[in-house]
Amino acid sequence: MEPEPLYNLLQLPKGMAPSMEEDGEELPQGEKKKYLPPNSRKDPKFVELQKVLMEWINATLLPEHIVVRSLEEDVFDGLILHHLFQKLAGLKLEAEEIALTAASQRRKLEVVLGAVSQSLGTEELQVPWSVDAIFSKDLLATLHLLVALARHFQPTLALPPNVRVEVVTIERAKSGLKSEKWEEQLTGSSTDKDQTPKDVFDELFKLAPEKVGAVKEAIVSFVNQKLQHLGLSVQDPDTQFADGVVLLLLIGQLQGFFLHLKEFYLTPSSPAEMLHNVTLALALLKDEGLLRHPINPEGLTRGA
């Protein structure tokens, strides 16, 4: 009896089977290789997890004008991870800024992952990622790494809970190719212990909306007290904070530092200039440890 085709054993579309069988034939005996079937890649919670992580990375690296469009294709060479880890940990890594060859990219990735392990307090054998896995564009390993970074450095980030995907492993044995399926868990269940802390203003709007006006007046009074010697006053924070100017000047007053006029637009005349100001303000708040919840800078410029 002839062996059953691999695509039948794995229950995958026949269009994928030849490449998987070819990869399997190239595997040394006893080694395994993981695959994500199409139904796993299309799983809504799996897609949502990638979306949340990409938005988080892009928001974190916005001041550096770095944009991630694919976690599978953009993270493997260490450049994104290098900038992300330095931003999150506030550390300067001794790694090549620009790595053009595969060898230099791998060295860079080794340095970054070594620093990540040290920061997270993990050993290489304890974690579901490795230099080899990340560098070979293993999406599952990349997601495990990013989830760990988010949990450690920004525990308030609302990751979709209980994300599980079906994974297929093929192994080259003496008798031929063997396959195995299992579920891999990427995020844990949401519990009261690890839920994102409630935002006090969200709770205020929900539980005591009649007090919102009084709180708003108190905030405006506080802001005007701090800015009065600059000849500035705020009547409507919804609109006057939208261009970032008042916010930047207020941060400077409260934290005791001076912003050079070359660093921001004192009289912004376009949405792009407003966004630059607001992004800079949020970056300063984060650097000072004052930003507990992620904020979309574009939402501020719209007065949202």
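**Entry 1**

I began with R106, which is partly exposed at a relative accessible area of 27%. In my notes, buried means under 20% relative accessible area, exposed means over 50%, and partly exposed lies in between (1.4 Å probe, protein chains only).

Helices (H or I, at least four residues) and strands (E, at least two) are DSSP runs, numbered from the N terminus.

Before going on, I noted that this is a predicted model, where local features need pLDDT of at least 70 and side-chain atom pairs count only at pLDDT 80 or more, while totals for chains, interfaces and linings use all residues. Residues are numbered from 1 along each chain as its sequence is written, and side-chain values use heavy atoms, with hydrogens and water left out.

What joins the side chains of R106 and D132? I found a salt bridge, at 2.2 Å from N to O. The term stands for a side-chain nitrogen of Lys or Arg within 4 Å of a carboxyl oxygen of Asp or Glu. D132 is partly exposed, with a relative accessible area of 48%.

Next I looked at E110, which also forms a salt bridge with R106, the closest N and O atoms being 3.8 Å apart. About one helical turn separates E110 and R106, because they are four residues apart in helix α7 (residues 102-120). I have E110 down as partly exposed, at 41%.

With R106, D132 and E110 in view, I could note that salt bridges with shared partners join them into one network.

**Entry 2: a pair of strands**

How many salt bridges does the rule give? I wrote down seven. One of them is between the side chains of K34 and E184, at 3.6 Å from N to O. This pair links distant parts of the chain: K34 is in strand β1 (residues 32-35) and E184 in strand β3 (residues 176-185), 150 residues apart.

Are the two partners buried or exposed? K34 is partly exposed at 34% relative accessible area, whereas E184 counts as buried at 11%.

**Entry 3: a loop residue**

Last, I turned to Q154, in the loop between α9 (139-153) and β2 (164-173). Q154 is buried, with a relative accessible area of 12%. Which residues is Q154 in contact with, leaving aside its neighbours within four places in sequence? I listed W56, L149, K286 and P294, where contact means heavy atoms within 4.5 Å.
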